[in-house]
Structure formats: C-alpha cells, structure tokens
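Subject: Structure for you to look at

Hi,

Here is the structure I promised to pass on. Please open it alongside this note, and I will walk you through what turned up.

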Amino acid sequence: HLLGEIYNIDNHKVKKDSFGQDVSGLWLSTDKLIIEIFPKNEDRYVWKDHLDRALGGDDQAFDVALSHCPSALEEAHVRCERANRLFMNEKYIEAGNEYAFTDAPFEEICLNFLEFGQEDGLMEYLKGKLKLMSRDSNKTQHSML
C-alpha cells in the first residue's frame, strides 16, 4: 500500500512515499529522480533536545531527557544541569539529592552549599553520596563521609 504526499520544491513536484511499517526507508521521487533514504541513529541526540528544552524553562523535560540518555555519562550531565537549576531556584535540599548522582567535583559542591549557608542541602548531598558509594570502592572517602 503506497501512501504519498506531494510537495512543491523549487518549482519541482516531489512525492514522499512510504510502504508501511515493514520498510524503514523513505522514498522521494520527482519526474527525473527516485531517492531512498534510510535514517540511522535518529534518536541519538533526543536526550540533548529535551535537556535544551528543560534549560529553557520546562522543568519536566529533565525527566524526559533522563529517560532518553544513551549512557551514564549523558545521564550525569542531565542530573548536574537539573541540580544546578534547583540550586539557582533555592531548592537546596532537592539540589543536594540530585548532585549526589553526578560526577561534579565533591569539594566544589560542598563549598557552594556552605557559601550559601545551606547545611540542610549539604547534608542531603552527603547522605546521597554515602548511599551510592560502595564501601569497598573507596574506603578512605567512605570513612570520611
């Protein structure tokens, strides 16, 4: 079953066709040319688009960005941006919880909370880091926390 849409591009009629769910390609045709297009990795930057939307003010887009992250590296980046937003909006306890899931420099996060007099946010951060930290991975840091 052939579905078609016709577009007028530079005074040439271009027809877009698809052949249903079983074919992944897209066909474009003119009176002189037929092209088959196979999109690949179309979703690789979806997380970034949602992050950009979140940074533009749509806070719910952070969750959508997290759900599309292809690896832990991108997830940590999204969480760090969300934590920064929470901190700037003076939601220090939530920011502390979110920072615990990031690779942001430990000393920098602690100093930021102390500089703003936010001991509750700092405690949330430290508790979160402690929960996530394996005792065997870094015994010294675990003991210090």
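Accessible areas here come from the Shrake-Rupley method with a 1.4 Å probe, and for residues only the protein chains shown count as cover. On that basis the chain has an accessible surface of about 10400 Å², with 51% of it belonging to carbon and sulfur atoms.

Some housekeeping: this is a predicted model, so local features need pLDDT of at least 70 and side-chain atom pairs count only at pLDDT 80 or more, while totals for chains, interfaces and linings use all residues. Residues are numbered from 1 along each chain as its sequence is written, and side-chain values use heavy atoms, with hydrogens and water left out.

**Overall layout**

The chain contains 7 helices and 4 strands (DSSP runs numbered from the N terminus: helices are H or I with at least four residues, strands E with at least two). Reading from the N terminus, the order is β-β-β-β-α-α-α-α-α-α-α. Of its 145 residues, 28% are buried (under 20% relative accessible area; exposed is over 50%, partly exposed in between, with a 1.4 Å probe and protein chains only).

**H1 against H3**

The axes of H1 (residues 46-55) and H3 (residues 72-88) come within 11 Å and cross at roughly 5° (axes are lines fitted to C-alpha atoms, for helices over the stretch in contact, and angles run from 0 to 180 degrees between N-to-C directions). The two helices are therefore roughly parallel (angles under 35 degrees). On the H1 side, Trp 47, Leu 51, Ala 54 and Leu 55 make the contact, and H3 brings Glu 74, His 77, Val 78, Glu 81 and Arg 85 (contact means heavy atoms within 4.5 Å).

**Two cores**

The largest nonpolar core has 13 residues, and Phe 87, Ala 95, Tyr 99, Ile 109, Phe 113, Leu 122 and Tyr 125 touch the most other members (a core is a set of buried Ala, Val, Leu, Ile, Met, Phe, Trp, Tyr and Cys residues joined through side-chain atoms within 4.5 Å). At least two of its residues come from each of H3, H4 (92-99), H5 (106-115) and H6 (119-132). Leaving aside residues up to four places away in sequence, Ala 95 touches Ala 83, Leu 86, Phe 87 and Phe 113. A second, separate core of 9 residues includes Trp 47, Leu 51, Ala 54 and Ala 65.

Glu 90 sits in the loop between H3 and H4. Its phi is near 60°, a positive value in a residue other than glycine. Most residues other than glycine have a negative phi. Glu 90 is exposed, at 59% relative accessible area.

Best wishes

Note on methods: Angles under 35 degrees count as roughly parallel, over 145 as roughly antiparallel, 65 to 115 as roughly perpendicular and the rest as oblique.
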